[in-house]
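Please keep the sequence and the model in view while reading.

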Amino acid sequence: MELSLNRVDYLQVGVTSQKTMKLLPASGRKATQKVVIGDHDGVITCFGIKKGEAVPVFKTLPGERIARLELGGALNTLQEKIFVAAGSEVRGFTKKGKQFLSFNTNLTENIKAMYISGSDLFLGASYIYNHYCDCKDQHYYLSGDKINDVLCLPVEKLSAVIPVLACQDRVLRVLQGSDLLYEMEVPGPPAVLALNNGNGGDSGEEVLFGTSDGKIGLVQITGISPVGKWKIGNEKKRGGILCMDSFDILGDGVKQLLIGRDDGMLEIYSFENSKSPVLSYEYAFSESVTSVQGGCVGKEGYDEVITSTYSGWVSGLTTEPIHRECGSGDGLTMSHEMHNKILSLRNELEQLQIKVLQEREKYQQSSLSSTAVLAVPTFSINDKFTLNRDDASYSLVLEVQAAIDTVLLQCDVPIDLKDVDKNSAVVSVVDCESEPNGNFLLATYRCQANTTRLELKILSIEGRYGTLQAYVTPRVQPKTCQVRQYQIKPLSLHQRTHSIDHERPMNTLTLKGQFSFAEVHSWVVFCLPEVPEKTPVGESVSFYFQNTFLDTQLECTYRKGEGYFRSDNISTISILKDVLSKEATKRKINLNISCDINEVSVNHTLKLIHPKLEYQLMLAKKVELIDALKELQAHEGNTDFLIPEYRNILKEAEQLLKEHKKQPTSLERLYGMITDLFIDKFKFKGTNVKTKVPLLLEILGSYDQNTLLAFFDSAA
C-alpha cells in the first residue's frame with residue numbers, strides 16, 4: 001500500500017532535547033489526542049487541535065532545561081501522567097497540568113535518560129544508573145561508559161524488573177538489581193532504545209536500538225543471553241538515530257517502525273512478509289527530529305506521525321488529504337475557512353513586524369545611553385564531532401536554533417576539508433603559508449538563507465594533534481558569535497572495538513614509573529578518541545582499537561605504575577611513545593619506556609596498505625585517461641576501435657570522477673603513512689633515513705609491491 005502523507009505545522013516551542021514529546025492517550029468520547037512537549041526553557045506545553053488551530057491545555061512556568069519527558073501511571077491502566085527530568089529533579093504532572101510530584105534525586109550528575117514503569121523510576125545520568133520504587137532508592141550501577149538511554153522490559157509480561165542500558169562504548173548492558181547480568185555488543189554507539197511494538201513483542205523481551213551512526217537493530221533480551229533478530233545498516237550515509245516509535249499508520253493491523261534522525265530524515269519501515277523491516281516512506285525536515293510519535297491529533301479518523309524538531313517545531317505528517325473534492329455546498333465553507341485563516345495569519349504577521357520595529361527602536365535608543373549595558377543575545381548550538389568508520393573522516397555537524405550566517409573554522413594542525421553533498425554553503429579557504437602563527441587551516445562557510453544545520457567533513461593526520469575551533473555566527477541582531485572547540489587527538493583515526501586479532505605480529509610499548517591509575521588513564525584519553533573521561537573502576541583496564549583507515553589494531557592495558565600498548569603498526573607505537581613522553585615530562589614524572597619491535601609487523605602493515613594503494617593508483621590512472629578518451633570519442637564518432645578496458649573507462653567515467661572527487665587526498669594520505677612507517681622502522685633502530693625518502697617516493701610513483709617490500713628490507 002502506497003503511503004501518502006501531508007505535512008502540517010502545529011506549534012513552535014523552545015529548543016528541544018531528544019525524547020521530550022509524547023501523545024497523551026485519547027480519553028472518553030474524544031478520538032483526537034493531546035500533545036505534550038518539554039523544552040530547554042523548562043516549559044511544558046500541552047495542547048490539542050481544534051479546527052486546525054493549536055489550543056493550549058496548560059503551560060508551565062520556565063525552569064531548568066528539560067532533558068526527558070515520559071508518560072506513566074499504574075500498570076495496566078491509561079498512561080496519562082506526565083513526568084519530566086530536569087537537572088537532577090523529576091517532576092510529575094496530571095494531564096490537566098497540576099503538579100503532584102517533585103522528587104529531588106540528589107544525583108551529582110544531571111539526568112540524561114529516564115524510563116517509567118508503574119511505580120518504578122529508572123534514571124541514567126552520565127555514568128550512573130539508579131532505580132527508584134515509589135521514590136525510594138532500590139538499585140544502583142556505575143557504567144564503564146556514558147549512558148545514552150535506559151529502558152525496562154515490561155514487568156506485567158515478565159514479572160521481573162530487567163533494565164537495559166544503552167552505553168556509548170557500543171554495548172547494551174542488561175542488569176539484574178545492581179549487578180550486570182550480561183552485555184551485548186552492537187554495531188555502533190546506541191543512542192536510543194524502544195520496546196518492539198511498544199510492548200516488547202509477544203514475549204515482552206524484544207528491544208529496538210538505534211545508533212548514533214545511523215544503524216537500527218532488534219534484539220531479544222532473554223534471561224541467559226541476548227539473541228540478535230535483525231540489523232539494518234546505514235547504506236545511504238544518513239544521520240544518527242534520535243528517536244523511534246511503533247505505530248500502525250497504514251491501518252493494516254501491523255505496526256510500522258517510525259524513525260527520526262539527526263539530519264532531519266523521518267523514515268517509516270514496514271514489515272512486508274520479511275523478518276527485517278523495509279523502508280516504505282521517508283520525509284526530510286530541515287533540522288534534526290528529536291521526538292516521533294504515532295497517533296491521531298489533527299482530525300478524528302485521520303492518523304498521523306507527530307514529530308518535534310531541534311528548534312521546537314511540532315509538526316504532523318497526516319493521512320488527511322489536503323486537496324479534497326468538494327460539492328457546490330462545501331466549496332464556500334472551505335474557501336471561507338481558508339480565507340479567515342489567511343486573514344488571521346496576515347494580521348499576526350503585521351503585528352509581529354510592528355513589534356520588531358518597536359523593539360529595534362527601543363534598542364537603538366538604549367544603546368546611546370551612557371548607563372546602558374549591552375546584552376548579547378544567547379542562542380543554542382547542537383553540535384556533534386564523530387569519526388566515520390567508512391571513509392576515516394570526521395563529521396562535524398552544527399545545528400543552531402536561528403539561521404546560520406557564517407561558520408569560521410580555524411585549526412592549529414594540518415587537516416583537509418572534504419566536500420559534503422548536502423552542504424550548500426559557499427566556502428572560502430585562506431592560504432596559511434607561514435606556520436609560526438599557529439594556523440594551518442582558516443576557512444569560512446557562508447550559508448544560504450534559512451540554513452539552520454551545517455555538516456562538514458574533515459580529514460586528519462595521525463601524529464599531528466591540536467584543536468579545531470568553529471566560530472558560529474547566526475543571523476541575529478546585534479551580531480554575536482559562539483566558539484566551539486574540538487580536540488584532534490594524536491591517534492585520531494582509531495575507533496573503539498571489542499576484540500582484536502591476537503595472531504597478528506605485534507610491537508609492544510611498555511611504560512613503568514611513579515604514576516597513578518588516574519594519570520595514565522588521562523594520557524590515554526588525551527591520545528585516543530572514544531575513551532570515557534572518568535577513570536575506570538578496578539585496578540586495571542584494557543581497551544581495544546582499530547585504525548579506520550588502515551585496519552591496523554591497538555591494545556591498551558594499564559594500571560597504577562605500568563602500561564602496555566601493543567599494535568601491529570609500528571607508527572602507532574612511535575606516536576604513543578612521543579606523546580606519552582611529552583605528557584609525563586610536563587608533569588615531571590620519570591618514565592621508564594621500553595619498546596619491543598617485531599620486524600615482521602612492518603611487512604604485515606604494508607600488505608594491509610597494498611589493496612588500498614593499488615585501488616587508488618588505478619583510480620587516478622583511469623581518471624587521467626578520461627579527457628583524452630572523450631576527445632578521441634568526439635573525433636572518431638564512436639568507441640568501437642578502443643580496447644574493452646578503455647571502453648569501460650568511458651562508460652564508467654561519471655562514477656569514476658565522482659569516486660575520485662569523494663577522496664581526492666587518499667593517495668597522498670597513503671603515501672604519507674608509508675613514509676612514516678619507513679622512518680619509524682629505522683628510528684627504533686637508531687638510524688635516520690630521511691635522506692632516502694625521495695627514493696621511496698620514486699618507488700611509490702611506479703608502485704610495485706615486491707619492489708617496495710625489498711626497499712624496506714634493504715634500506716638500512
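Predicted model: local features only at pLDDT ≥ 70, side-chain atom pairs only at ≥ 80, totals over all residues.

Which residue in β19 stands opposite Leu 193? The residue is Phe 209.

The pairing of β18 with β19 (residues 206-211) is antiparallel and extends over 5 bridges.

## The nonpolar cores

In soluble globular proteins, nonpolar side chains tend to be buried together. In this model, the largest nonpolar core contains 54 residues. Among the residues with the most contacts inside this core are Leu 396, Leu 613, Ile 674, Leu 708 and Phe 712. Helix α8, formed by residues 666-683, supplies the largest share of the core, with 8 residues. Another core, of 29 residues, lies apart from this one and includes Ile 162, Cys 167, Tyr 182 and Val 186.

What does Leu 708 touch, leaving aside its neighbours within four places in sequence? The contacts of Leu 708 are then Leu 606, Ile 674, Leu 696, Ile 699, Leu 700 and Tyr 703.

## Two helices side by side

Two packed helices are described by the angle between their axes and the distance between the axes. For α8 and helix α10 (residues 705-714), the axes come within 10 Å and cross at roughly 25 degrees. Because angles under 35 degrees count as roughly parallel, α8 is roughly parallel to α10. The crossing of α8 past α10 is right-handed.

Several side chains take part where the helices meet. On the α8 side these are Ile 674, Leu 677, Phe 678, Lys 681 and Phe 682, and on the α10 side Leu 708, Phe 711, Phe 712 and Asp 713.

## A buried aspartate

Asp 145 is located in the loop between β13 (136-142) and β14 (147-152). Is Asp 145 buried or exposed? Its relative accessible area is 5%; since buried means under 20%, Asp 145 is buried.

Beyond its neighbours within four places in sequence, Asp 145 is in contact with Ser 126, Tyr 127, Cys 167, Gln 168, Asp 169, Arg 496, Glu 530 and Pro 532. One of these, Cys 167, also belongs to the core of 29 residues.

Conventions:
Residues numbered from 1 in each chain as written. Heavy atoms only, no water. Pairing = 2+ DSSP bridges. Helix = DSSP H or I, 4+ residues; strand = E, 2+ residues; numbered from the N terminus. Core = buried A, V, L, I, M, F, W, Y, C linked by side-chain atoms within 4.5 Å. Buried < 20%, exposed > 50% of the residue type's maximum accessible area, 1.4 Å probe, protein only. Contact = heavy atoms within 4.5 Å. Axes fitted to C-alpha atoms, helices over the stretch in contact; angles between N-to-C directions. Parallel < 35°, antiparallel > 145°, perpendicular 65-115°, else oblique. Left-handed = near helix turned anticlockwise from the far one by under 90°.
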